[in-house]
Protein chains: 2
Amino acid sequence: MAPARTSAKRQHVVDTAYALFKRDGFHATGIDRIIAEADIAKMTMYRNFPSKDELIVAVLDHRARRFERQLDRLATAAATPGQKIATILDWHERWFRSADFHGCLFAHALAEFGDPAHPVFKAVARQKNGLRSRMQAILEQTMPPERAEGAAAALLMLIEGATLLAQMGEADAAIGNARKAAAAIIAGAWGRQ
Amino acid sequence: MAPARTSAKRQHVVDTAYALFKRDGFHATGIDRIIAEADIAKMTMYRNFPSKDELIVAVLDHRARRFERQLDRLATAAATPGQKIATILDWHERWFRSADFHGCLFAHALAEFGDPAHPVFKAVARQKNGLRSRMQAILEQTMPPERAEGAAAALLMLIEGATLLAQMGEADAAIGNARKAAAAIIAGAWGRQ
DNA sequence: CCGTGATGAGACAGGTCTGTCTCTTTTCTA
DNA sequence: TAGAAAAGAGACAGACCTGTCTCATCACGG
């Protein structure tokens, strides 16, 4: 049988690598650590992923899909656009307070792979633009597209900054003030376009 | 003579390491690369800095001091609190558009050194809290302290997010929308405390 | 039941990492 | 100008890095 694009072993490697990358970073986590933790042979890893870089991209893409699925599910329960944005902040609040929160893996990837041509950089851009597009689509239900575009960018910046503050140990203040600032951004007091 | 705490050689190492850390990251930049680029002997480096970690902290602290000095200078030219906040955004706009902008070195350090007990982590927290305190002090001239605290946190999050977006190649949109959102946050539409 | 593909186990190459050590040379100052 | 401090040069240790290779073993489907 041709190697399935998503086998159980492959997924196990992704999950293990995710936990290690999240805790220790990308360059600081060696292949040997990953295969030891996953309890697999080195060749099993290299047969599924041609290189460490491609494993990193696979981990990021997997987390991005999971994130999108979770937001999709939360959004269905929300009625108004304002509530939909609130569910996104709810998601982040729970995340900030989760036991092994270590900041945003995508932001960390950007820090370690700053070359815009690098596949890891592109994977990060995909995820961030996905979240911005999602919020922009929500906001366009209550405001003109040009304003929605700017507000979505502002909300994305706010969320990214809140994640950084949360990693610095101020999860409560970060999410509380982010909620208030988000309300200010959406509700108006927005200068002429 | 006892080794000066700030010799010319030492500063040269800090400057060279800064350029390399900024471009390639901390773990990805080896000591050998630093001493080759700085054109110094390895022992000169290790006589000034007991370890790579302490060099990183020295680089971060040096940049933080430089940042504070530049903001101090800009603030003197600004009359009102609103203008003082604007000069901080001006500084970031110029930074985003500078030739070798690679994102925030402090955010990158946080990504690679996520342990709150690590000296590098603490150096990052110092810098971010310094910027927040600066903005809070400015805002307290126009609003009650509790509101100034929340608004300063919101502005800090906005700036951090704008820096991340700028690194993703959207410097113009980031700074423009950050300015508008900052105005919305300061001007009001701020929920009951 | 047999063969084919996935996996395990581990040696191996070639390089890089941080940090230490020694010895020589330069530089500065008293 | 003599002596001390600083710096250069580079070998060295011991560990770790990514990625390749070989060979034995296992599972499973025709």
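## Ground rules

Contact here means heavy atoms within 4.5 Å. By that rule, the meeting of the two chains takes 39 residues from chain A and 39 residues from chain B.

This is a predicted model, in which local features need pLDDT of at least 70 and side-chain atom pairs count only at pLDDT 80 or more, while totals for chains, interfaces and linings use all residues. Residues are numbered from 1 along each chain as its sequence is written, chains are lettered from A in the order in which they are written, and side-chain values use heavy atoms, with hydrogens and water left out.

## Two copies, one axis

Chain A superposes on chain B by a rotation of 180 degrees with 0.0 Å of shift along the axis, at an RMSD of 0.0 Å. That is the relation of a two-fold axis.

## The interface

Chain A and chain B bury about 3,400 Å² between them, 72% of it on carbon and sulfur atoms. Buried area is the accessible area (1.4 Å probe) that two parts lose on being put together, summed over both. In chain A, the residues that lose the most area to chain B are A:Met157, A:Met168 and A:Lys180, together 19% of what that side buries.

The interface of chain A and chain B holds 2 salt bridges. A salt bridge is a side-chain nitrogen of Lys or Arg within 4 Å of a carboxyl oxygen of Asp or Glu. A:Arg132 forms one with B:Glu170, with the closest N and O atoms 2.6 Å apart. Four helices of chain A each give two or more residues to the side that touches chain B: H6 (105–112), H7 (119–139), H8 (145–167) and H9 (171–187). H8(A) gives the most, with 12 residues. Helices are DSSP runs (H or I, at least four residues), numbered from the N terminus.

## The nonpolar core

The largest nonpolar core has 66 residues. Such a core is a set of buried Ala, Val, Leu, Ile, Met, Phe, Trp, Tyr and Cys residues joined through side-chain atoms within 4.5 Å. Buried means under 20% relative accessible area, exposed over 50%, and partly exposed in between (1.4 Å probe, protein chains only).

A:Met135 and B:Met135 have the most contacts inside this core. Beyond its neighbours within four places in sequence, A:Met135 touches A:Ile85, A:Ile88, A:Ala152, A:Leu155, A:Leu156 and A:Ile159.

## Salt bridges within a chain

Over all chains, the count comes to 26 salt bridges. One of them joins A:Arg126 to A:Asp61, with the closest N and O atoms 3.1 Å apart. This pair links distant parts of the chain: A:Arg126 is in helix H7, A:Asp61 is in helix H4 (residues 52–77), and they are 65 residues apart. A:Arg126 is partly exposed at 46% relative accessibility. A:Asp61 is partly exposed too, at 22%.

A:Asp172 bridges to A:Arg97 at 3.0 Å between the closest N and O atoms. A:Asp172 lies in helix H9 and A:Arg97 in helix H5 (residues 81–97), 75 residues apart. A:Asp172 is exposed at 51%, whereas A:Arg97 is partly exposed at 49%. Both belong to a network of salt bridges that links A:Asp90, A:Glu93, A:Arg97, A:Asp172 and A:Arg179.

Methods:
Least-squares fit on C-alpha atoms with pLDDT ≥ 70 in both.
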